[in-house]
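We will hop from side chain to side chain, then zoom out.

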Amino acid sequence: MPANLPPQYHEAEENFRLAKTIPEKVAALEEMLAVMPKHKGTDHLRAKLRTRIAKLSEASEKRLATKRASTVIPREGAAQVAVIGLPNSGKSQLVATITNASPPVADYPFTTHSATPGMMEFEDIKIQLIDTPPLAPQAIDFWLPPLLRRADALLIMVDLTDAPEAQIETIIKQLGDMRIMLGGGAKDDAEYITWHKKALIIGNKLDLENTQNNYTALSNKKNKYGKQLPLIAISAKQGTGLEELKLKLYQLLDVIRVYTKAPGKKPVFTDPVVLPRGSTLEDAAAGVHKDFRRKLKYARLWGSGKHDGIMVKRDHIMQDGDIIELHL
């Protein structure tokens, strides 16, 4: 039986031939199905079109899954910190200056289109910073909110030359739309989960005229941001305040460093175990090796114990700078 296809079908078929993306191809195939007459003469063609739509949809899902996977940045170092801000705030300049990363840096907005990780050195540890695209409502990629939720803390960059308080308000609103609030811990609401994040506000471009006055007003204790969040003023371009920034970030993370030694050997001070404040000896042992938590019998401690080399048990609370000798 002849198919007797109408002109609209041939028009949709031509659109399919000219389509350059999978969604365009699928839309054209669906249009061909919609205008095709339903009778025995079109059954085979109808089944063929449905098979093509299914294969294209499957290929699209695979591409999307691959893209999602490529935007998950593994945590490295002592912590993972996302650097966020509005267009042209200086995020990329900062990351390029204090890490080994090379994000694109320019004097015009929207030069960053993807997430770029880099390692920042602070004393004897490294902290991972991630440069992110600017927070513009119409240009936020699907992968950015999950990346920010996974981060241990946020560095919020504002341009001190251009109404910094208004910038912070805009950023906080956009974070709220992503269900991210500034503060410690995670909270499970009856309706949805809210992620509470530690944050440090960085006023950038301190080298430019009148920016000191804007920062003074922003950091005033009467200002709600000066009271609620830690702030620092820097010049990413000139390098002003960067060492203080590293210290403030370390303090914001609220972590401790624990060092190890083998029996009869000197302590190793080059690769500390980094733990949240309040962690126990058991946590420190697991940080050395995952099997040590189970195998640990006791440890000898130098630092926060009453005496050097004192024997401590699993529940002993570790302090920054402690040295442990694990016995399995």
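Select Lys25 and Phe16 to begin: Lys25 sits over the ring face of Phe16, 5.2 Å from the ring centre. "Over" here asks that NZ of Lys or CZ of Arg be within 6 Å of the ring centre and within 35 degrees of the ring normal. This is a predicted model, where local features need pLDDT of at least 70 and side-chain atom pairs count only at pLDDT 80 or more, while totals for chains, interfaces and linings use all residues. Residues are numbered from 1 along each chain as its sequence is written, and side-chain values use heavy atoms, with hydrogens and water left out.

Next, pick Arg149 and Trp195: Arg149 lies over the face of Trp195, at 4.7 Å from the ring centre.

How many aromatic pairs does a search of the whole structure find? There are 2, a pair being rings of Phe, Tyr or Trp (its six-membered ring) with centres within 6.5 Å. Show Phe122 and Tyr250: their ring centres are 4.9 Å apart and their planes meet at 25°, so the pair is stacked (planes under 30 degrees apart; over 60 is edge-to-face, the rest tilted). Phe122 belongs to strand β2 (residues 116-122) and Tyr250 to helix α9 (residues 242-253), so colour both elements; the pair links parts of the chain 128 residues apart. Both Phe122 and Tyr250 are buried, meaning under 20% relative accessible area with a 1.4 Å probe, protein chains only.

Now zoom out and switch to cartoon. The protein has 11 helices and 13 strands, taken as DSSP runs (H or I, at least four residues; E, at least two) numbered from the N terminus. Of its 328 residues, 41% are buried.

Technical notes. Buried < 20%, exposed > 50% of the residue type's maximum accessible area, 1.4 Å probe, protein only.
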